[in-house]
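Please keep the sequence and the model in view while reading.

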Amino acid sequence: MKNRAQKQEAISGFSEGVGSATNAFVLDFKGITVPQVTELRKQVRETGSEYVVIKNTLALIAVKDTPLKSLSHHFTGMTAVAYNATDAVALAKVLTKFAKDVPTVQFKGAMLAGQVVAPTEIQNIANLPSREELLSKLLYLMQHPIRGLAVVLNGTIRNFAVVLDQVAKQKGGGEADAQ
């Protein structure tokens with residue numbers, strides 16, 4: 001049994017992490033083995049996220065002044081929270097893939113950008129393109145018109161150079177014939 005100071009430290013640590021998070025997934029993790037949870041923690045960390053198992057009573061105290069309070073009714077049974085402040089899609093992809101591989105892991109609920117999301121919608125979120133994919137598509141779409149303009153301008157300059165070359169040949173050819 002933890003003493004009061006250890007409990008307070010657990011509450012403040014969880015509260016600080018979740019307090020800065022804009023995205024959080026609440027999971028039921030019963031039936032998961034130690035090697036599986038170790039692998040899950042590794043994959044979650046690779047997305048810049050955290051995975052925490054905390055006692056429900058401590059979690060309820062920790063989330064009471066955070067946006068995660070709206071998910072407090074999910075803190076029953078065996079509960080884990082995966083959260084981050086950056087990319088919800090990357091975290092959702094990791095968690096849904098893991099839940100597919102380990103069917104005993106179930107989503108209880110989620111909060112994305114401060115909005116509560118039903119567990120049934122998490123798979124749809126995981127199917128979205130990642131932030132990097134969206135940024136690269138946006139960059140391509142922004143560059144496409146500029147690239148088209150450059151090709152058109154380059155073609156016009158090239159055509160002008162060909163016309164000048166033809167005029168020069170005609171003038172040069174005409175003088176050679178006259179001599």
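Predicted model: local features only at pLDDT ≥ 70, side-chain atom pairs only at ≥ 80, totals over all residues.

Two strands count as paired if DSSP finds at least two bridges between them.

**Overall form**

- The protein chain contains 6 helices and 5 strands.
- Along the sequence these elements follow the order α-β-α-β-α-β-α-β-β-α-α.
- The radius of gyration of the protein chain is 30 Å, whereas a compact globule of 179 residues would have one near 16 Å.
- Along the principal axes, the C-alpha atoms fill a box of roughly 110 × 35 × 25 Å.
- Of the 179 residues in the protein chain, 35% are buried.
- The protein chain exposes about 11,400 Å², and carbon and sulfur atoms supply 61% of that area.
- Among contacts between residues at least 6 apart in sequence, 78% join residues at least 24 apart.

**Strand β1 and its partners**

- β1 runs antiparallel to β3, and 6 bridges join the two strands.
- β1 also pairs with β4 in the antiparallel sense, over 6 bridges; here phenylalanine 25 stands opposite alanine 110 in β4.
- How much of β1 is covered? The strand is mostly covered, with 6 of its 6 residues buried.
- In a regular strand the side chains alternate between the two faces of the sheet.
- In β1, Asn23, Phe25 and Leu27 point one way, while Ala24, Val26 and Asp28 point the other way, and all are buried.

**Helix α4**

- Helix α4 covers residues 88–101, and at 1.5 Å a residue its 14 residues should span 20 Å. The C-alpha atoms at its ends are 20 Å apart, which agrees with that expectation.
- Because 10 of the 14 residues of α4 are buried, the helix is largely enclosed by the rest of the structure. A residue is called buried when its relative accessible area is under 20%.
- The buried residues of α4 are Ala88, Val89, Ala90, Leu91, Ala92, Val94, Leu95, Thr96, Phe98 and Ala99.
- Which elements do the buried residues of α4 pack against? They pack against the strands β1 (23–28), β3 (79–84) and β4 (106–112), and against the helices α2 (34–46) and α5 (122–126).

Notes:
Residues numbered from 1 in each chain as written. Heavy atoms only, no water. Helix = DSSP H or I, 4+ residues; strand = E, 2+ residues; numbered from the N terminus. Expected span 1.5 Å × (residues − 1). Buried < 20%, exposed > 50% of the residue type's maximum accessible area, 1.4 Å probe, protein only. Contact = heavy atoms within 4.5 Å. Rg over C-alpha atoms; globule rule 2.2 N^0.38 Å. Areas by Shrake-Rupley, 256 points an atom, 1.4 Å probe, with all protein chains shown as cover.
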